[in-house]
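Please examine the structure shown below alongside its sequence. The explanation that follows moves from a helix to the strands and then to the aromatic rings.

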Amino acid sequence: MGLASIFFNIVLTDEASRPARLRFVTQNVALTLMNQLKTDESGVHAYFNFRSQSEAAGIKDPAWA
């Protein structure tokens with residue numbers, strides 16, 4: 001679409017990935033990164049992909065290494 005974007009692949013600990021904590025952790029991580037990088041102010045769209053350590057270890061994708 002021609003918009004500036006940044007993509008994050010984030011590996012969380014298995015503890016942080018537990019269903020009871022996942023929403024809080026992912027929102028906190030995303031907001032912290034967006035605030036630190038000032039994505040809204042600079043017009044950059046931020047996209048986030050999260051995986052647990054167990055998931056990341058089980059896939060053969062270099063982007064998650």
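On the face of helix α1 that is turned away from its buried side, the exposed residues are Ala20, Arg23, Phe24, Asn35 and Gln36. The model is a predicted one, and in it α1 spans residues 19–37. The 19 residues of this helix reach 28 Å from the first C-alpha to the last, close to the 27 Å expected at 1.5 Å a residue.

The buried residues of α1 are Val25, Thr26 and Ala30. Viewed down the helix axis, the buried residues of α1 fall within an arc of 125 degrees, and therefore they line one face of the helix. An α-helix has 3.6 residues a turn, so residues three or four places apart point the same way. Strands β1 and β2 are among the elements that cover the buried residues of α1. After the helix comes Lys38, which has a positive phi, near 55 degrees.

The largest nonpolar core has 5 residues in all, namely Phe8, Ile10, Leu12, Ala16 and Val25. Strand β1 supplies the largest share of this core, 3 residues. In soluble globular proteins, nonpolar side chains tend to be buried together.

The structure holds 3 aromatic pairs. In one of them, the rings of Phe8 and Phe48 have centres 5.0 Å apart and planes at 10 degrees; the pair is stacked because planes under 30 degrees apart count as such. Since Phe8 belongs to strand β1 (residues 5–12) and Phe48 to strand β2 (residues 45–52), this pair ties together parts that are 40 residues apart in sequence.

A further stacked pair is formed by Phe48 and Phe50, whose ring centres lie 6.2 Å apart with planes at 15 degrees. Phe8, Phe48 and Phe50 together form one aromatic cluster.

How values were computed. Residues are numbered from 1 along each chain as its sequence is written. This is a predicted model: local features need pLDDT of at least 70, side-chain atom pairs count only at pLDDT 80 or more; totals for chains, interfaces and linings use all residues. Side-chain values use heavy atoms; hydrogens and water are left out. Rings of Phe, Tyr and Trp (its six-membered ring) pair if their centres lie within 6.5 Å; planes under 30 degrees apart count as stacked, over 60 as edge-to-face and the rest as tilted. Helices (H or I, at least four residues) and strands (E, at least two) are DSSP runs, numbered from the N terminus. A nonpolar core is a set of buried Ala, Val, Leu, Ile, Met, Phe, Trp, Tyr and Cys residues joined through side-chain atoms within 4.5 Å. Buried means under 20% relative accessible area, exposed over 50%, partly exposed in between (1.4 Å probe, protein chains only). The expected span of a helix is 1.5 Å times one less than its number of residues. The arc is that of the directions from the helix axis to the C-beta atoms. Contact means heavy atoms within 4.5 Å.
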